[in-house]
Amino acid sequence: MISFSVTALVFGVVFLAELPDKTALAGLVLGTRYRASYVFAGVAAAFAVHVVLAVAAGSVLTLLPQQIVHALTGVLFLGGAAVLLMKKDEGEEDIRRPENQSFWKVSGAGFMLILVAEFGDLTQIMTANLAARYDDPLSVGLGAVLALWAVAGLGIVGGKALMKRVPLKLITQVAAVLMVGLGVWSLWEAVAG
């Protein structure tokens, strides 16, 4: 059974953490060059693969004693917040243009770009942490994949407009504050438990 509260929390944290990431920019660039639906199909498939891997890794962590899991996820959340706050703005990715606009070439380019760029990324690590923290792989996976798809969709379709209205620095700071809160909460549970 899916927990709406866990899914919503994961969606919010992953969405905010992914917005300032290179993926939104890559989606924006691909979306301006190619048919948006083709790009989204490839990007969405790559994100689904990443979420499955992250949730599987987080589920393995649930086999450890709860105090160790809470301490580990707390430290990782605090580390993730530090990474977000210290991250420098990234330039436009060098993206190769497929020879033509066929579905398989465009979606394949989007899939490979995201598969490689996001492997071991902050949001993948956060998803693993959240899967370990909540021991609810379905809810965590659903929240994470929906958040990643939403960011990809925004990047592909309306990235320029969003970034003009919401300062990237503010989005990064809100995501970092949420991660600090989750980190402190997890560490408190490790000590109190």
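Among contacts in the protein (heavy atoms within 4.5 Å) between residues at least 6 apart in sequence, 93% join residues at least 24 apart. This is a predicted model, in which local features need pLDDT of at least 70 and side-chain atom pairs count only at pLDDT 80 or more, while totals for chains, interfaces and linings use all residues. Residues are numbered from 1 along each chain as its sequence is written, and side-chain values use heavy atoms, with hydrogens and water left out.

The protein has eight helices and zero strands, these elements being DSSP runs numbered from the N terminus (helices: H or I, at least four residues; strands: E, at least two). Of its 193 residues, 44% count as buried, where buried means under 20% relative accessible area, exposed over 50%, and partly exposed in between, with a 1.4 Å probe and protein chains only. The accessible surface comes to about 9700 Å², of which 70% belongs to carbon and sulfur atoms, as computed by the Shrake-Rupley method with a 1.4 Å probe, and for residues only the protein chains shown count as cover.

An α-helix has 3.6 residues a turn, so residues three or four places apart point the same way.

A search of the whole structure finds one salt bridge, that is, a side-chain nitrogen of Lys or Arg within 4 Å of a carboxyl oxygen of Asp or Glu. The side chains that meet in it are those of Glu 189 and Arg 133, at 2.7 Å from N to O. The pair links distant parts of the chain, since Glu 189 lies in helix α8 (residues 168-192) and Arg 133 in helix α6 (residues 122-134), 56 residues apart. Arg 133 is buried, with a relative accessible area of 9%.

Ser 186 also has its place in helix α8, and Ser 186 is buried, with a relative accessible area of 0%. Leaving aside neighbours within four places in sequence, Ser 186 is in contact with His 70, Ala 71, Thr 73, Gly 74, Phe 77 and Arg 133.
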